[in-house]
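Please keep the sequence and the structure in view while working through the numbered points.

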Amino acid sequence: MDAALEYATLNNALRLSGIWLGYRVLVAVYNVSPLHPLHKFPGPKLAAASYIYEAWYDLVKGGQYTRRIKAMHEQYGPIIRINPDELHCNDYNFVEEIYPSVTTRIRDKNPHFLASFTPPLTVATFGTRDHETHRERRSGISKFFSRQGMLRYEPEIHDMAQKMCSKVLHLSQSGHIINALEPFNCFTADAISQYCFGEPFGFLDQPDFHKNYTRAFESLNTTIHVFRHFPIMRNTVALMPALAPFLGPDIQYLMKSMNEIIPGYVKKAQNNHSADTRRVFSEIMDSPIADEHKTTFRLSGEGWSLVAAGSETTAAALVHITYFLLAQPETLARLREELKNEDPHKLSWVDLEKYPYLHGVIYEGVRLALGVPARLPRIARTEDLVYKNRGFHYVIPRGTPIGMSAYVSHTDEEVFPQAEEYKPERWITADGKPDYGMEKYIMSFSKGARQCIGMNLAFCELYLVTAIMALRILPHLKLHDTVYEDIKYDWDALTPQPKKGARGVRLTSV
C-alpha cells in the first residue's frame, strides 16, 4: 500500500512537472511568434523567448546583461527587445518620449525592475510603481531638493566638506592609507541625513572613516539580481533581523539602519514640530499628501531611499574625480590654475559653476562613474510611442516597458569619442565656455518627471568638494598602488561594480 502511494505521488509530481514544462514551452513559442505584440522588434530569439536569457547574464555571468545589451544594439539597431516583454533604446533623441518631463504624460515603472527591491524601499517614492501615487509621494518632498532649497543648505554642505577634507589631510599626513570611498561616503551620508532629519549620522566625527554605509550598500546590492529573477526570495528579508547576528557586522548594521536608526529619526520628526528644527521629514508631516503616505513604515523607506541615493552615487563620482586628478597631473594643474583666485575656505556653488574646466572635470567624473549603470525602464500606460529615426520606424505599444542605460549611453563613441578616457575638455565649447548642451547626454540621474530628486544636492556637493580638494589637499596626496581597473565599471548590481578583487582608490601623503 505504501509503495503504491509513493508510486502515485511520484507519478502525479511528474505529470505536474510535465504540464508546467509544456506550459513554459508554449509561452516561449508564443513570445517569438507573430502573435506577440513585440515580435517585430529585433534582438536575440532566446531573449524574446524567455527571461532565462537575461537571468543567465545577471546570475551566471555576474551582472553582465547591461554589457550584453550594448553589444545587442551594435548588432540590431537603436531599439531592441531584451526580454519577452521589454524594449531598450539607445538614441538620445527619444529620451523625451521614454522619460517625459511633463507630468501629464503617464509613466509607470516596470514591475520586473521593481522586483529587485524589498520593503520598505518598495513604498519609497523611488520604488513606487504607478504614476499617480508617485506624483503624490514626490510632491511631499520635491521642494526641499530644488535648486533654491540647496542654495539655502549650501553653507552646511560647505562646512561638512571642509571638515572632511581637513580630516583626510590630517590622517594621510599621519601615515594612514585612505580608501577614498570611505571619507566621501561619510560626507555624503552626513549631508543627506542632516538635511532630512535635522542631525547627521555622525560619520565625520569618528577618529577615522571606517564606519559608514559603504559595506551596508554592498550587502544590499548582492540581492538585486536574485530578487529580480526569483521574487519569492524577497520573503527571506523578513527573517533577516533575526538572522543578522549570525551574518556578520555589515548585515547587522544594515538591519539596524533600516529597522532602528532611520525609523527612529522618522518618529522624532513626527513628534517634533518646533520651527528651529524643521527639516525634510518634519515638514512632510505638514504637507498635503494623504495620511497613508505619512506612516512610520513608509517614511522609513523614503528615508533609507534618500540616504542610499544621496550618498553612494555622489561618493562614487567623487572617487572617480579624485583618481583622475591624481592620475593625470596636467588635469589637476589646469584646474588649480583656473581656480587660483578662489579662497578655498569661502567658496560659492553659483560662482564655481561658471568655471568651464571645473564643469568638465565634474561632468566627466559623473559620466564615467555612471550612477545607476543599468536600464531604468518606463511604461507609457495610455499612449503608443512612435520611433522614427536612423532609418528605423517602430510603434511601441502602450503598456510596454522601455528604457535606456547610463553605461550604454555614456560609452557611445558617436557622442563621446574615446569614451573610455577622462577628458574634461569635451565639456567645453570652442569659445571656452561650459558646454551646457552636452548635459542632455548624461543619464546618471535618469530623466524626466521621475528624475533623481537629489540631483541638485549632488551637484552642489560635487562642485564644492572638488574645488576644495583641488585647492587644499590634492597637492599633498598621491595614489597608493592604485590603477583605473580598481574603480572602472566591470559589472552591475544596482550600482556599478569594478572587477573582482579591485581595491578602490587608495590615497597617501606625498
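1. Contact means that heavy atoms lie within 4.5 Å. By this criterion, and not counting residues up to four places away in sequence, Cys-452 touches Arg-138 and Phe-445. The model is predicted, so local features need pLDDT of at least 70 and side-chain atom pairs count only at pLDDT 80 or more, while totals for chains, interfaces and linings use all residues. Residues are numbered from 1 along each chain as its sequence is written, and side-chain values use heavy atoms, with hydrogens and water left out.

2. Cys-452 lies in the loop between helix 19 (406–410) and helix 20; helices (H or I, at least four residues) and strands (E, at least two) are DSSP runs, numbered from the N terminus. UniProt, in an unreviewed entry, lists Cys-452 under "binding site"; its positions are given in the numbering used here, feature names are shortened, and annotations may be inferred rather than shown by experiment.

3. On a 1 Å grid over the protein atoms alone, a cavity is a set of points where a 1.4 Å probe fits but cannot get out; a pocket is an open set with protein on both sides within 12 Å along at least five of seven lines; and lining residues have an atom within 4 Å of a point. Grid points are joined across faces, edges and corners, and a volume is the space filled by probe spheres set on the points. A search of the whole structure finds 6 cavities of 30 Å³ or more.

4. The largest cavity has a volume of about 760 Å³. Among its 40 lining residues, Phe-126, Ser-305, Ala-309, Val-372 and Cys-452 lie nearest the centre. Helix 15 gives the most to this lining, with 10 residues. The lining divides into 21 nonpolar, 12 polar and 7 charged residues; Ala, Val, Leu, Ile, Met, Phe, Trp, Tyr, Cys and Pro count as nonpolar, Asp, Glu, Lys and Arg as charged, and the others, Gly among them, as polar.

5. The second largest cavity has a volume of about 80 Å³. Its lining includes Thr-313, Phe-445 and Leu-462. Helix 15 supplies the largest share, 3 residues. The lining holds 7 nonpolar, 4 polar and no charged residues.

6. The largest pocket has a volume of about 910 Å³. It is lined by 42 residues, and Leu-181, Glu-218, Pro-496, Gln-497 and Pro-498 lie nearest its centre. Helix 10 gives the most to this lining, with 6 residues.

7. Arg-367 is found in helix 18. Its relative accessible area is 0%, and therefore Arg-367 is buried. The side chain of Arg-367 makes a polar contact with the side chain of Glu-364 (2.9 Å). A polar contact is a pair of N or O atoms within 3.5 Å; within protein, one must be able to donate a hydrogen and the other to accept it, and residues adjacent in sequence count only if both atoms are side-chain atoms. A polar atom of the Arg-367 side chain also lies 2.9 Å from the backbone oxygen of Ala-419.

How values were computed: Buried means under 20% relative accessible area, exposed over 50%, partly exposed in between (1.4 Å probe, protein chains only).
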